Amino acid sequence: MQGSEQIRLGTMPFKEANEQVRASLEAHDAVELHEVFAQRYLGCALPAGKSLSIHGTPGNDMAAYMEGGTIEVFGNAQDQIGNTMDGGRIVIHGRCGDAAGYAMRGGSIFIRDDCGWRVGIHMKQYEQKIPVIIIGGDAGSFLGEYMAGGVIVLLGQAGQYLATGMHGGRMYLAHEPTPHNVSEGLEICALDAADERELEPLLIEYKERFPESANKVPPVRQFKKLVPLSSRPYASLYTANG
């Protein structure tokens, strides 16, 4: 299997589009999709060693259950990209909708611009896999809701109800949120040396992937870290013996 192939989707129904994409990926390592018009489920369960280049606007659940490889979108993406992804890399040259990275447990998502609500909800770390989401613009409300592990980097402003129910992982914020916008049970603190070693290569990769947006990436020392104070945010809901 080698080489690449180009497919033009246009108004092709999503089932037919996905059948063609799967067949092409069986024969080629790289596939380019052009004239993409909201077809759902593109790149689902993409394995390692494969790449998908999307020109247009993919529909919901792009790259769901992604196992590896790379998906690059030259445009905006809709809701739930990277749903439950386990590995690989998603790069969005634009904005994305709600619930990106839902329950992801590995891999990384790079979003050049803004994102919608509930991005990173239920993210978790699985064994040695640390999922990562980097957002270059502003984030909608409930960023990192119920987050259990992994890393979120936000270069823009956070929406309301930041990190509601967060009980694991960490967020690196370029702009410190107002106290009333941060949920209870969380702490905003300065970065230590280990944090800087983790964050620096992520910022470098963001600038390399989106050189046109490199000037909006502040120095590492400007960031604050948001972490949960407890891994049991709902302990008070249970009895003493619960």
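Strand S7 (residues 132-135) is buried on both sides in this predicted model. Val 132 and Ile 134 point one way, while Ile 133 and Ile 135 point the other way.

The table lists both pairings.

| Pair | Residues of the partner | Sense | Bridges | Residues opposite each other |
|---|---|---|---|---|
| S7 and S8 | S8: residues 148-154 | parallel | 4 bridges | Ile 134 and Val 153 |

Ile 134 stands opposite Val 153 of S8. Ile 133 and Ile 134 point opposite ways from S7, and both are buried.

Now helix H1. H1 covers residues 14-27, which makes 14 residues. At 1.5 Å a residue, H1 should span 20 Å. The C-alpha atoms at its ends are 20 Å apart, so expectation and model agree.

Which residues of H1 are buried? They are Ala 17, Asn 18, Val 21, Ser 24 and Leu 25. These residues cover an arc of only 130 degrees around the axis, which means that they sit on the same side of H1. An α-helix has 3.6 residues a turn, so residues three or four places apart point the same way.

The face turned away from the buried side of H1 carries exposed residues: Lys 15, Glu 19, Arg 22 and Glu 26.

What covers the buried residues of H1? The cover includes three strands: S1 (4-8), S2 (30-37) and S3 (51-57).

Terms used:
Residues numbered from 1 in each chain as written. Predicted model: local features only at pLDDT ≥ 70, side-chain atom pairs only at ≥ 80, totals over all residues. Heavy atoms only, no water. Helix = DSSP H or I, 4+ residues; strand = E, 2+ residues; numbered from the N terminus. Expected span 1.5 Å × (residues − 1). Buried < 20%, exposed > 50% of the residue type's maximum accessible area, 1.4 Å probe, protein only. Arc of directions from axis to C-beta. Contact = heavy atoms within 4.5 Å. Pairing = 2+ DSSP bridges.
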